[in-house]
Amino acid sequence: MQMVKPAVPVIQASRIYKQFGNGTITALRDVSIDLRENEFTAFVGPSGCGKTTMLRIIAGLEHPTRGRVTMNGTTVTGPGPERGMLFQAYTSFPWLTARRNVEYGMKLLGVPKAEREARAMEFLRLVRLEKVADKYPGGFSGGMKQRVALARTLAQNPSVLLMDEPFGALDAQVRWEMQELMIELMERERKTVVAVTHDIEEAIYLADRIVFFSAQPGRVKADIQIEFKRGRRFPKKEDLLAQPGYSELERHLFAMMREEIRAAAA
Amino acid sequence: MSASTVQDADLEHPTDTRAGSELDESPLYVAPRARMFEFRSRLSTTRATVLAAAGLGTFFLIWQLGHSFSSAVNQKFFPSPIQVLTALYTLFATNNFLADVLKSCYRVFVSFALASLVAVPVGLLMGSFKPVRALLGPLVSAWRYLPAASFIPLLLVWFGPNDVSKLALLFLGVIFFLIALVVDNTEAVPNEFVEAGLTMGASRRKTLTDIIIPAAAPAIMDSLRNMIAVSWTYLVIAEIVGAQDGIGAVMMRAGRFLKVDIIMAGILMIGILGVFTDILFRTVTRLSMPWAFKR
């Protein structure tokens, strides 16, 4: 079975250190990660392992203490629209209708009005919110609010999509629906994605590759290419669960997680 | 539970025709009697209106009883509600009270508008940028503890017994509290909104105008609404200063002649105006920010 391995790194993080509290706490120690084009990477690890900090450094929302993040060769020093971000907290703006929310990101990029409006509707349809395009998100459910934010980010057409526990606040059913929606969107949009999650099942379902962080100080414990999927994406989650190799990987990750939690407690 | 089980159940009862008889077979549920004081219970509009009327009614009843049971001499100093309402009517009908009311409204609204024009931008900047906050924070906090009324002599010397000194007093009375409230409202804007803006490429100016301001706007409107109430409370103090016109002046003049019914009519008038101001602010907020009232 041949597999096309996308090899070009879009983002290169080299030897990242992050310390807090004047060096008393080391959140990240010597973390190097290359993000390859069109690859979906999941950052997995126990609470407090620095996976979110690493994502925020890639986003440019936080500065590393040492080390460097480059995107296509240029050093990252701050946030930018080429690295779209989806947060765990709902960031759809309640003062704008769903449509205006999606338009807002494009407006910042200077997309002409007509194109903006057309694209906004296209992306709202994609996240199945076209019927509530002119409603304010205040009355939306958590999943709907998150879909507005997702459409807004994707409409900016970022080359990298960063997600910080994007479905963490949603209930199990909605999370599942959002995961399947992500698969559908990734099939269509072809992006380099990083998702921070502590949900092992979610990581295996969505990602091509799992970077497992160990806790305090955060370092890369394992960098796992999910071989059994062979680059395939499964529109239905249960089809993934039926794959040979799925449960082995899940068991392996759970064992690693337990090991880390135990080590952190000791 | 697998998905097929749910489907099977649906096939068993394709329509709802049996629902009626099924409903009858189910044991009757007798709900406990609704209690009056249930934590955070809902209240129908009718009940709420009745209770509000009862509260107000009791107040006026006690007032009336207090008056009725007072001695003839004391009754002069404690008029009944009817006498106060009559006094209020007479004020409007024969003493051109409307001019005084409008003058007072002018003072409250103009001074408050000026205070807001300063406090809202200053508060937004202090709440958004730490250096601005460090620069102005201690100053604003200190001013808040100075009683505005203590500036009356100073304002009289500076501006004389005219409108300017009255507007200045009302301005000083609210501005520092208003700044502090707007700072809090601005800081309460979730960090994620700001970060979402930054990751979408919003400049600092855009972040302020497109994100911080609309996000804080409903809370700021609430702060304004609460502070204009304070402005009304300062009105009488302001109008004592070289009293010529305005509700406060009318009340002060009535005091000199022991016209208690007119003093109380003035108090009542300010109360009514306060309630209307409150409704005005609520209505403006509702109309200008309908999104803020979605749950």
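# Helices, sheet and core in a predicted model

Modeller: Start with helix 2 of chain A: helix 3 (113-126) and helix 4 (142-155) of chain A are what its buried residues pack against. This is a predicted model, in which local features need pLDDT of at least 70 and side-chain atom pairs count only at pLDDT 80 or more, while totals for chains, interfaces and linings use all residues. Residues are numbered from 1 along each chain as its sequence is written, and chains are lettered from A and ligands numbered from 1 in the order in which they are written.

Biologist: What makes a run of residues a helix or a strand?

Modeller: Both are DSSP runs, numbered from the N terminus: a helix is H or I over at least four residues, and a strand is E over at least two.

Biologist: How do you know that helix 2 of chain A is largely enclosed?

Modeller: A residue is buried if 20 or more other C-beta atoms lie within 10 Å of its own, exposed if 12 or fewer, and partly exposed in between, with C-beta atoms placed from the backbone. In helix 2 of chain A, eight of the eleven residues are buried, so the rest of the structure largely encloses this helix. Among them are Ala98(A), Val102(A), Tyr104(A) and Met106(A). Gly110(A), which follows helix 2, has a positive phi near 80°.

Biologist: What does strand 1 of chain A have with strand 4 of chain A?

Modeller: Strand 1 pairs with strand 4 (residues 66-71) of chain A over five bridges, again antiparallel. Tyr17(A) has Arg66(A) as its bridge partner in strand 4.

Biologist: What is the order of the strands in the open sheet, and which are edge strands?

Modeller: Four strands of chain A form the open sheet in the order 2-1-4-5, with antiparallel pairing. Strand 2 and strand 5 (74-75) of chain A are the edge strands, as each pairs on one side only. Helix 1 (residues 51-59) of chain A packs on this sheet and touches strand 1, strand 2 and strand 4; its direction makes about 120° with that of strand 1. Such angles run from 0 to 180 degrees between N-to-C directions, with axes fitted to C-alpha atoms, for helices over the stretch in contact.

Biologist: What makes helix 1 of chain A mostly covered?

Modeller: Nine of its nine residues are buried. They include Lys51(A), Met54(A), Arg56(A) and Ile58(A). After helix 1 comes Gly60(A), with a positive phi near 90°.

Biologist: What is Ile58(A) in contact with, beyond its neighbours within four places in sequence?

Modeller: Contact requires C-beta atoms, placed from the backbone, within 7 Å. Ile58(A) reaches Ile11(A), Ala13(A), Val69(A), Arg83(A), Leu162(A) and Val194(A) in this way.

Biologist: Why is a set of residues called a nonpolar core?

Modeller: The set must be buried Ala, Val, Leu, Ile, Met, Phe, Trp, Tyr and Cys residues joined through C-beta atoms within 7 Å. The largest here has 125 residues, and Ile58(A) and Ala151(A) have the most contacts inside it. Helix 9 (residues 163-187) of chain B gives the most to this core, 14 residues. In chain A, domain 1 (1-82 + 160-167 + 189-266) and domain 2 (86-157) both contribute, so the core lies between them. Domain bounds come from an automatic or database domain assignment.

Biologist: How many residues of chain A are in contact with chain B?

Modeller: 21 residues of chain A are in contact with 16 residues of chain B. Strand 6 (83-86) and helix 2 (98-108) of chain A each supply at least two residues of that side of chain A.

How values were computed
Pairing = 2+ DSSP bridges. Contact = placed C-beta atoms within 7 Å.
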